[in-house]
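Thanks for coming. I will go through one model this morning, a few places at a time. Please look at the sequence and the structure while I talk.

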Amino acid sequence: MDAKHFPDICGIIRENVLLGNLPEDVCCALLEQAHIRSFKRGATLFYQGEPAQTAFVVLEGQVKLFRISKTSAEVVVGVYGRGQGFGEPAALNLDPYPVSAQCVTDCQLICLDSLLLRRAVLDNPEIIGPFLASTLDHITRLSGEIAQIKAQTATQRIASYLLDLTPPEAVACDVVIPVDKFLLAGMLGMGPESLSRGFSRLQAYGVSISGSIAMIADVAKLRAHAVGEEGVRE
């Protein structure tokens, strides 16, 4: 891999929970055999059920992981950005990918051969602990999101998402929604039409939407709605 065009690549790698815990010489040797590839928005990296031959780290852009439900709806499992890796568990176990992956923006990715990655990890078992802890944290977060989808209304889910973007202690603020609305709908387990209706209903809680900007007039009021402690009816 020619890293000279990415002077901050080492910093990005060190933020990755798997590669960042490898000994520096092992990590460098692994990266020397990796490739940096560019992908256009909409490019599919792999499909659910395909053999996991590659693990990825995002240098630039965003990638979504998703599954197709029995009703043919797309369910977004996660969105990965700069410094984040995906596909590692399947690559390490030489299993099929459990999800599909698609670029939601133009992307530059580090592509790591699964056999080389597996050998590096098996030769350095001390990194398995941090990696498993990160994987467990991801599973716990997904479980929480599933519980949230089941327990909350559409507007409560949108409110919770917006609240996660607000600065601590904010009373009122504007936040940038970092993904497009179609992708956001998939992340929140709803269709685009439901998302649009949800945004409209949130006007009753002091939220205005302009493009990718959400203007929140009263964070406390929005939080009360998210947890079902307000008196305004949908």
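Where is Leu-94 found? Leu-94 sits in the loop between helix H3 (88–93) and strand S7 (100–103). Before I go further, a reminder that this is a predicted model.

Leu-94 is not a glycine, and yet its phi is positive, at about 55 degrees.

One of the residues in contact with Leu-94 is Ser-114. Ser-114 belongs to helix H4, which covers residues 114–122. Is Ser-114 buried or exposed? Its relative accessibility is 4%, so Ser-114 counts as buried. If we leave aside neighbours within four places in sequence, the contacts of Ser-114 are Ala-52, Gln-53, Thr-54, Ala-91 and Leu-94.

There is another positive phi to show you. Glu-169, also a residue other than glycine, has a phi near 70 degrees. You will find Glu-169 in the loop between H6 and S9. With a relative accessibility of 78%, Glu-169 counts as exposed.

Now the salt bridges. How many salt bridges does the count come to? The count is 3, and I will take them one at a time.

Arg-41 pairs with Asp-180, and the closest N and O atoms of that salt bridge are 3.6 Å apart. The two residues come from distant parts of the chain, 139 residues apart. Arg-41 is in the loop between strand S1 (35–39) and strand S2 (44–46), while Asp-180 is in the loop between strand S9 (173–176) and helix H7 (181–187). Arg-41 has a relative accessible area of 60% and is therefore exposed. Asp-180, at 35% relative accessibility, counts as partly exposed.

What else is Arg-41 in contact with, leaving aside its neighbours within four places in sequence? Besides Asp-180, the list holds Cys-103, Val-104, Thr-105 and Asp-106. For orientation, the C-alpha atoms of Arg-41 and Gln-62 are separated by 9.0 Å, and these two residues are 21 residues apart along the chain.

Next, Glu-60 and Arg-82. Their salt bridge has its closest N and O atoms 2.4 Å apart. This pair also links distant parts of the chain, 22 residues apart: Glu-60 is in strand S3 (residues 54–60), and Arg-82 is in the loop between strand S5 (74–80) and strand S6 (85–86). Glu-60 is partly exposed, with a relative accessible area of 39%. Arg-82 counts as partly exposed at 39% relative accessibility.

That leaves Glu-74 and Lys-64, whose side chains meet in a salt bridge at 2.6 Å, N to O. Glu-74 lies in strand S5 and Lys-64 in strand S4 (residues 63–68), so this pair ties together parts that are 10 residues apart in sequence. Which side of the cut-offs do these two fall on? Glu-74, at 29% relative accessibility, counts as partly exposed. Lys-64 is at 5% relative accessibility and counts as buried, because buried means under 20%.

Last, a pair of helices. Helix H6 (residues 154–165) and helix H9 (residues 219–226) have axes that come within 8 Å and cross at roughly 135 degrees. That angle makes H6 oblique to H9, because only angles over 145 count as roughly antiparallel. The crossing of H6 past H9 is left-handed.

Which residues make the contact? From H6 they are Thr-155, Gln-156, Ala-159, Ser-160, Leu-162 and Leu-163. From H9 they are Val-219, Leu-222, Arg-223, His-225 and Ala-226. By type, the residues of this contact divide into 6 nonpolar, 4 polar and 1 charged.

That is what I have for today.

Conventions: Residues are numbered from 1 along each chain as its sequence is written. This is a predicted model: local features need pLDDT of at least 70, side-chain atom pairs count only at pLDDT 80 or more; totals for chains, interfaces and linings use all residues. Side-chain values use heavy atoms; hydrogens and water are left out. Axes are lines fitted to C-alpha atoms, for helices over the stretch in contact, and angles run from 0 to 180 degrees between N-to-C directions. Helices (H or I, at least four residues) and strands (E, at least two) are DSSP runs, numbered from the N terminus. Angles under 35 degrees count as roughly parallel, over 145 as roughly antiparallel, 65 to 115 as roughly perpendicular and the rest as oblique. A crossing is left-handed if the near helix is turned anticlockwise from the far one by less than a right angle, and right-handed if clockwise. Contact means heavy atoms within 4.5 Å. Ala, Val, Leu, Ile, Met, Phe, Trp, Tyr, Cys and Pro count as nonpolar, Asp, Glu, Lys and Arg as charged, and the others, Gly among them, as polar. A salt bridge is a side-chain nitrogen of Lys or Arg within 4 Å of a carboxyl oxygen of Asp or Glu. Buried means under 20% relative accessible area, exposed over 50%, partly exposed in between (1.4 Å probe, protein chains only).
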